[in-house]
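I opened my notebook to look around this structure one topic at a time. Here is what I looked up, in the order I did it.

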Amino acid sequence: MPTVRTETTATGHLDIDEAFETWHERVSFYHHGVDSVFPDGVRRFQSDALRVWTDNHQVLSWHSDGVRHQKTQRHLREAPTGDPFLLVCSSGTLVVEQSGEQILLRKGQACVFTMARPFTFEQPEHSGGLALSLERRPLETTLFGRRPPCPVDLGTGVGRIAHSMAAGLIDHAPELTPDEFDAVAERTTDLLCMALRGQNGMAEPGGRLAEIAAAAQRHVRLHADDPGLRGETLAADLGWSLRQVQLALQTVGTTPRRLIKDTRLAQARELLTDPRNTSMPVSEVARRVGFISASTFSAAFRDRYGASPRLLRSARVNAGDPV
């Protein structure tokens, strides 16, 4: 039976140069390339990390002495895409700077940021945190044009539940199958989106439209491979009118047609970046995610991600992308 994979890293027993090299290599490997700047004049660098992951999601828990990591345009040219992440400070302080905005996180505070844009991440002291990869499309439609980093309240309501679920992926990983792990990660994304909509006043977290929107997003993720899926069939399958589904999805910044298309493209991206699928023809990827025409798929993919399916696959393979 497939299992959720785990990996641990520790540097406290290493000499200082080897500790710096090991920690930089791990962080860069996890996040598709970063530069690391370590403090001068120290004799020991204490750090430890636990990574738990499947082919679709990863969660990291770590503590380390002060360090600064930076992703630049150079890294993005080498690996042109990246996942959004929930970042939670568990001890000390963490500083995230992205899109011209700087966020300081103290214990219990969190934000959402993305690996698809340059950023600087700094621990000015010995600190710890948790980072969970998130579903890209639900988050993007929730933010509705707002660029990360975005603070998110994990102290109350659905945000608190989302935090517990993210931490539970670390604590209970040995008990979960990869499908169960992915399901929890996806539900965590849904709850974070609900928390963000609530704190931004975009939709009532427990409201009827939010319920319909979440159900529509889940249904499309499960049935995106059906070439006959469209707004009318989505509404019929859920037992609501097309108008109800349209209004619900409008609250999260999308439409049935756009949701179906974007979900198919996101699933195609996962297939293309999975190292097990390097020999799968692009036409087969298109078919598996519900596109009838390979040329239509390639054009839509290039428009969405800024690179052709073949180019994105090549970039990930050459970069040795683990996820």
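This is a predicted model: local features need pLDDT of at least 70, side-chain atom pairs count only at pLDDT 80 or more; totals for chains, interfaces and linings use all residues.

**Entry 1: the largest pocket**

I began with empty space, since rolling a probe the size of a water molecule over the atoms shows where it is left. The largest pocket holds about 1100 Å³ of space. I then asked which of its 44 lining residues are the closest to the centre. They are Asn56, Asp182, Glu186, Gln267 and Glu270.

Next I looked up the helices around this pocket. Helices α3 (136-143), α5 (178-200), α6 (208-223) and α9 (256-273) each bring at least two residues to the lining. The most come from α9, which gives eight residues.

**Entry 2: the cavities**

How many cavities of 30 Å³ or more are there? I found three. The largest cavity has a volume of about 260 Å³. It is lined by 20 residues, and the closest to its centre are Val27, His31, Leu60, Trp62 and Phe121. Helix α1 (16-30) and strands β4 (58-64), β5 and β10 each supply at least two residues of that lining. By class I get 14 nonpolar, five polar and one charged for the largest cavity.

**Entry 3: Lys71**

I went to strand β5 (residues 67-71), where Lys71 lies. Is this lysine buried or exposed? Lys71 has a relative accessible area of 2%, so I wrote it down as buried.

I then checked what the side chain of Lys71 meets. One of its polar atoms lies 2.9 Å from the backbone oxygen of Gly33. The backbone oxygen of His32 lies 3.4 Å from a polar atom of this side chain. Setting aside neighbours within four places in sequence, I listed the contacts of Lys71, among them His31, Val34, Leu76, Met115, Arg117, Pro118 and Phe119. For scale, I also looked up Ala224: its C-alpha is 33 Å from that of Lys71, and the two are 153 residues apart in sequence.

**Entry 4: Thr120**

My next stop was Thr120, in strand β10 (residues 119-123). Thr120 counts as buried because its relative accessible area is 17%, and the cut-off is under 20%. Beyond four places in sequence, Thr120 is in contact with Arg68, His69 and Gln70, and also with Val95, Val96 and Glu97.

In α7 (residues 231-238), I found Gly231, Leu234 and Ala235 buried. Viewed down the axis of α7, these buried residues fall within an arc of 95°, so they line one face of the helix. Which exposed residues sit on the face turned away from the buried side of α7? They are Ala236 and Asp237.

In α8 (residues 242-250), the buried residues are Val245, Ala248 and Leu249. Their arc around the axis is only 95°, which puts them on the same side of α8. The exposed residues Arg243 and Gln250 are carried on the face of α8 turned away from its buried side.

Notes. Residues are numbered from 1 along each chain as its sequence is written. Side-chain values use heavy atoms; hydrogens and water are left out. On a 1 Å grid over the protein atoms alone, a cavity is a set of points where a 1.4 Å probe fits but cannot get out, and a pocket is an open set with protein on both sides within 12 Å along at least five of seven lines; lining residues have an atom within 4 Å of a point. Grid points are joined across faces, edges and corners, and a volume is the space filled by probe spheres set on the points. Helices (H or I, at least four residues) and strands (E, at least two) are DSSP runs, numbered from the N terminus. Buried means under 20% relative accessible area, exposed over 50%, partly exposed in between (1.4 Å probe, protein chains only). The arc is that of the directions from the helix axis to the C-beta atoms. Contact means heavy atoms within 4.5 Å. A polar contact is a pair of N or O atoms within 3.5 Å; within protein, one must be able to donate a hydrogen and the other to accept it, and residues adjacent in sequence count only if both atoms are side-chain atoms. Ala, Val, Leu, Ile, Met, Phe, Trp, Tyr, Cys and Pro count as nonpolar, Asp, Glu, Lys and Arg as charged, and the others, Gly among them, as polar.
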